[in-house]
Amino acid sequence: MSGGARDDIRFMAAALRLSRRNLGLTATNPSVACLIVKDGVVLGSAVTAPGGRPHAETQALAEAGAAARGATAYVTLEPCSHHGKTPPCADALIAAGVARVVVSVTDPDIRVAGRGLSMLQAAGIAVETGVLEAEGRAALAAYLARQTKKRPYMTLKLAVSSDGMLGRLGAGQVAITGPVSRGQVHVLRAETDAILVGIGTALADDPELTCRLPGLEARSPVRIVLDPRLELPVTSKLARTARDVPVLLVAENDGEADPAFIARRDALESLGVEVVECDPRKLDMLLVALATRGISSLLVEGGARTARSFLDAGLVDRILLFGGTAPLGSDGVPSPCVPGRPMVGFSLRHTARYGADILEEYERDD
């Protein structure tokens, strides 16, 4: 491998690490990073700003200033070529006089889809694509899923006891994994647009579903509960905190004729809860609806029935299994996925140890 190729990999790896900083914060735009490099020195670096603007390229170019002329720009996603709320980033790179642009992933958005690269090449800029593409696709998985599948990228997270259980019947929240694993789950929440549970989990555990790591509290995802009959109590943690972090309840759309349903809906909405009428059993339609709201990544945390429903519908893209060391016993709730057991349609991609716990990460084969 030549020195230039090694440098391309080194700087693109740095850009990909930077791109993860604002996952879950950039609304409908992807979290993209850009480095401006000349003679091995990083002159400017940036990631898509919270809310989605300004884009990474314009920020990095502003930091580099006039020194960007003749430099190489490393961008994790193809620079945009269309006029939206901001001018095209391809135009900004051309105007700055960069000599070369290195891209990890080509943008599937039909408004871009190679046009950004063509604009750069037409301006005499050397373009290199596909550098660390597999890593780039992993970093941009949520955006790519919403563009190509028209639904959020869906991660199923399960904490499983040593005897394959998710919890214990009637026991509420049961600690299955240790503090290190639980900390990693909060990091995952901070990187995700929305988190979803079934009403059974909401009633049994009374969870808050927020990110509670110091300094990351403001990055809590939108909280979604599959609640066909609007059973979530107004006294629940979710309802009582709905004005602080959004809560969406997915309810049956035939409840208008039921006065009790209407009363429950009005009481919940008075607390700031949003009721979305959509058949919770039609999960594919629900995910499309979430995508139209700008949700690109969805974390499903339980329970067993909800997890099985998404698996059976073929809508799970990634599975994270956190395996604890202790058993729960015969009165436990069996998990649909168990660490160490092969899963049809998924391949094990990564394992890690968090304290005494083991994490297994699976991805869909397609």
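Modeller: A word on terms before the details: helices (H or I, at least four residues) and strands (E, at least two) are DSSP runs, numbered from the N terminus. This is a predicted model, in which local features need pLDDT of at least 70 and side-chain atom pairs count only at pLDDT 80 or more, while totals for chains, interfaces and linings use all residues. Residues are numbered from 1 along each chain as its sequence is written, and side-chain values use heavy atoms, with hydrogens and water left out.

Colleague: OK, where does Thr-26 lie?

Modeller: Thr-26 is in the loop that runs between helix H1 (3-19) and strand S1 (33-38).

Colleague: And is Thr-26 buried or exposed?

Modeller: Thr-26 is buried, because its relative accessible area is 4%, and buried here means under 20%, exposed over 50% and partly exposed in between, using a 1.4 Å probe and protein chains only.

Colleague: Switching topic, which residue has the "active site" feature in UniProt?

Modeller: The UniProt record, an unreviewed entry, places that feature at Glu-57; UniProt positions are given in the numbering used here, feature names are shortened, and annotations may be inferred rather than shown by experiment. In the model, Glu-57 lies in helix H2 (residues 56-64), and Glu-57 counts as buried because its relative accessibility is 4%.

Colleague: What surrounds Glu-57?

Modeller: Apart from neighbours within four places in sequence, Glu-57 is in contact with Cys-34, Val-75, Leu-77, Pro-79, Cys-89 and Leu-93. Leu-93 is found in helix H3 (residues 89-96) and is buried, with a relative accessible area of 0%. Not counting residues up to four places away in sequence, Leu-93 touches several residues, including Glu-57, Leu-61 and Pro-79.

Colleague: What about "binding site" entries, which residues does UniProt list?

Modeller: For that feature the unreviewed UniProt entry lists Arg-189, Leu-209, Arg-212 and Glu-301. Arg-189 is found in helix H7 (residues 179-190) and counts as buried, because its relative accessibility is 8%. Leaving aside neighbours within four places in sequence, the residues in contact with Arg-189 include Leu-209, Arg-212 and Glu-301.

Colleague: And where does Leu-209 lie?

Modeller: Leu-209 lies in the loop between helix H8 (199-205) and strand S9 (222-226), and Leu-209 counts as buried at 4% relative accessibility. Among the residues that Leu-209 touches, not counting those up to four places away in sequence, are Arg-189, Val-197 and Glu-301.

Colleague: Back to H7, which strands do the buried residues of H7 pack against?

Modeller: They pack against strand S6 (153-160), strand S8 (194-198), strand S12 (297-302), strand S13 (318-323), strand S15 (346-354) and strand S16 (357-364). The buried residues of H7 are Ser-181, Gly-183, Val-185, His-186, Leu-188, Arg-189 and Ala-190.

Definitions and conventions
Contact = heavy atoms within 4.5 Å.
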